[in-house]
Amino acid sequence: MDTNSLPHRHIELVQSTIAALRNAELPLVMPGAEELNETRKMLLTQLEARILPRLEAEDMPALVVLGGSSGAGKSTIVNSLLQEEVSAASIMRPTTRIPAVVLHPADAAALDKHMLKDLGTYCVSEAAIPGIVIVDAPDLDTIEQENREISNRLLDAADLWLFVTTAARYGDAVAWNTLQLARQRGITCGVILNRVRPEAIDTISRDLRQRINDLGMEDSPLFIIPDQGAMEGLLPAAAVAELQNWLQVVAESKMADSLVQRTTAATFPTLRADLLRLADGLEAQEHALIDLR
């Protein structure tokens, strides 16, 4: 077998699968049809955002998505990592309606035709980390259906999902259910605990770490950002230094490649199972249409 032809064959296989998913129709209101349609969207995102781009280009940067509940401070953290305003942050909820995709100029060419362009606004900055694309996602608990849809698609696209929460809201069910779902899909996850009073850091971080461990995420990183009190604008560089340094290490070492490979490898078993389940659902719909005719 000519092994040099394998990558091209893989690309063709993924492209044909994407085409089939786009053309797949579930016209009948049947039990499970809504869930199958969500599965179809998830599979499209995984194939278009993660699998296909990495088959087509070896220099594809790692995609790091910051997601969480409303008011968790995602935009402020993203801005503070760069020490410049690239994503809107305010007291109005929801603030992030259009995802901000932050990337270094060195990664601009690789992301030029990526599906992220259809979902968000590209912010190309010299202050960004080469090899790492950071996405400020809409709130998980937003009441706006379109924002929730985008947030879920970004979750499916992520190589690493950083769940941003606060000392006051780290037990919220919506966010933890999403974190558990991300873990089940094979997405590598980390947690950022924002706005923690210094005297409560030890107690809250222990409880949060136990919750993380209970989800089977013992190896997931946990970053603590102390409460800065009443403030506007950027956090002090020292407040996000641990997260900044970790992302820098991920980008500059083989850790980014390992992270991507780990997420992709964990995705494949569920991806295969979801494709088979969707195929069964499409067949059931086709049989029902024939019976109706």
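**Close-up views of a helix pair and its salt bridges**

**View 1. Helices H2 and H9 are oblique to each other.** In this predicted model, in which residues are numbered from 1 along each chain as its sequence is written, local features need pLDDT of at least 70 and side-chain atom pairs count only at pLDDT 80 or more. Totals for chains, interfaces and linings use all residues, and side-chain values use heavy atoms, with hydrogens and water left out. The axes of H2 and H9, which are lines fitted to C-alpha atoms over the stretch in contact, come within 9 Å and cross at roughly 140°. Angles run from 0 to 180 degrees between N-to-C directions; those under 35 degrees count as roughly parallel, over 145 as roughly antiparallel, 65 to 115 as roughly perpendicular, and the rest as oblique. Helices (H or I, at least four residues) and strands (E, at least two) are DSSP runs, numbered from the N terminus.

**View 2. Residues of H2 meet residues of H9.** Contact means heavy atoms within 4.5 Å, and the H2 residues involved include Leu-36, Leu-43, Leu-47 and Arg-54, while those of H9 include Phe-268, Leu-271, Asp-274 and Arg-277. The residues of this contact divide into 11 nonpolar, seven polar and five charged, where Ala, Val, Leu, Ile, Met, Phe, Trp, Tyr, Cys and Pro count as nonpolar, Asp, Glu, Lys and Arg as charged, and the others, Gly among them, as polar.

View 3. Asp-274 counts as buried at 12% relative accessibility, whereas Arg-277 is partly exposed at 40%; buried means under 20% relative accessible area, exposed over 50%, and partly exposed in between, with a 1.4 Å probe and protein chains only.

**View 4. A salt bridge joins Asp-159 to Arg-54.** The closest N and O atoms of this pair are 2.4 Å apart. The pair links distant parts of the chain, 105 residues apart, with Asp-159 in the loop between helix H5 (145-157) and strand E5 (160-166) and Arg-54 in helix H2 (residues 33-56). Asp-159 is buried, with a relative accessible area of 0%, while Arg-54 is partly exposed, at 22%.

Conventions
Salt bridge = Lys/Arg side-chain N within 4 Å of Asp/Glu carboxyl O.
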